Amino acid sequence: QQPPYGFRSVIYLGETQVCKPLSDPAGILQQLKAQVIPYPAKLKHTIVSDCLWLSEFTFMQCYQFANAGDTYNTVGCFTRIASYLTHALFAMNETYPLGDKRAAQLIATFSRSPLKMTGTLNHILGQAGTQARELLASTDLLKELWTQIVALSEGQYQPRFKAGPA
């Protein structure tokens, strides 16, 4: 089964880290395991930077959809942004994701995560709205969560362009 938000190749590193070999007489797996610990600094920077930028970029379309009262596309943007924020938090906490299914529970245990991250996402996704004003309020709430995560990145994220007002 495909993960709900798609497959990301970083999952292979997590699988390598946690797998238990049934047989590895040449020690190949042990060599691979040694390469994934510690979490590579360049990988961390790339994932954090890319995911926060992709979130910021998606907000531009999200506000347009929300302003038009387009629930379908607004909520589509919400789930995309939620996935990006999740992957940024995993990288910030130097934890390899093994998929989306238990990501929310793991984020709740991270030392670097916004307070009530899961509850806030549940509220936004569960009660996004059907009218422009409701969708815009939900978009603003998600943007505040993004802002908190950018602050947690401690300068790892720098905007790639100057966006106009939302």
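Trainee: What should I know before I start?

Mentor: Residues are numbered from 1 along each chain as its sequence is written, and side-chain values use heavy atoms, with hydrogens and water left out. The model is predicted, and local features need pLDDT of at least 70, side-chain atom pairs count only at pLDDT 80 or more, and totals for chains, interfaces and linings use all residues.

Trainee: OK, which residues have the most contacts inside the largest nonpolar core?

Mentor: They are Leu52, Leu85, Met117 and Leu142, in a core of 38 residues. A nonpolar core here is a set of buried Ala, Val, Leu, Ile, Met, Phe, Trp, Tyr and Cys residues joined through side-chain atoms within 4.5 Å, and buried means under 20% relative accessible area, with exposed over 50% and partly exposed in between, using a 1.4 Å probe and protein chains only.

Trainee: And which helix gives the most to this core?

Mentor: Helix α4 does, with eleven residues, while α3, α4, α5, α6 (117-126) and α7 each supply at least two. Helices are DSSP runs of H or I with at least four residues, strands are runs of E with at least two, and both are numbered from the N terminus.

Trainee: What is Met117 in contact with?

Mentor: Leaving aside neighbours within four places in sequence, Met117 is in contact with Leu85, Leu89, Ile107, Leu145 and Ile149, where contact means heavy atoms within 4.5 Å.

Trainee: Switching to rings, how many aromatic pairs are there in the whole structure?

Mentor: A search finds six. Rings of Phe, Tyr and Trp (its six-membered ring) pair if their centres lie within 6.5 Å, and planes under 30 degrees apart count as stacked, over 60 as edge-to-face and the rest as tilted. One of the pairs is Tyr39 with Tyr96, which is stacked because the ring centres are 4.7 Å apart and the planes are at 25 degrees.

Trainee: Where do Tyr39 and Tyr96 lie in the chain?

Mentor: Tyr39 is in the loop between α2 (28-35) and α3 (41-67), and Tyr96 is in the loop between α4 (71-92) and α5 (103-107), so this pair, 57 residues apart, links distant parts of the chain. Tyr39 is buried at a relative accessible area of 8%, and Tyr96 is buried too, at 6%.

Trainee: Why do Trp53 and Phe57 count as stacked?

Mentor: Their ring centres are 5.5 Å apart and their planes are at 20 degrees, so the pair is stacked. Both residues lie in helix α3, four residues apart, which is about one turn of the helix, and Phe57 is partly exposed at 34% relative accessibility.

Trainee: Which residues do ring pairs link into a cluster?

Mentor: Phe59, Tyr63, Trp146 and Tyr157 are linked in that way. The charged end of Lys143 sits over the ring of Phe59, 5.1 Å from its centre, and also over the ring of Trp146, 5.4 Å from its centre; for this, NZ of Lys or CZ of Arg must be within 6 Å of the ring centre and within 35 degrees of the ring normal.

Trainee: What about Thr74, is it buried or exposed?

Mentor: Thr74, which lies in helix α4, counts as buried at 0% relative accessibility. Its side chain reaches the backbone oxygen of Asp70 at 2.6 Å, and a polar atom of that side chain lies 3.1 Å from the backbone nitrogen of Ala66. A polar contact is a pair of N or O atoms within 3.5 Å; within protein, one must be able to donate a hydrogen and the other to accept it, and residues adjacent in sequence count only if both atoms are side-chain atoms.

Trainee: Last one: where is Ser153, and what does its side chain reach?

Mentor: Ser153 is in the segment after α7 (132-152), and its side chain reaches the backbone nitrogen of Tyr157 at 3.5 Å. Ser153 counts as buried at 2% relative accessibility, and, not counting residues up to four places away in sequence, it touches Val48, Leu52, Met92 and Arg112.
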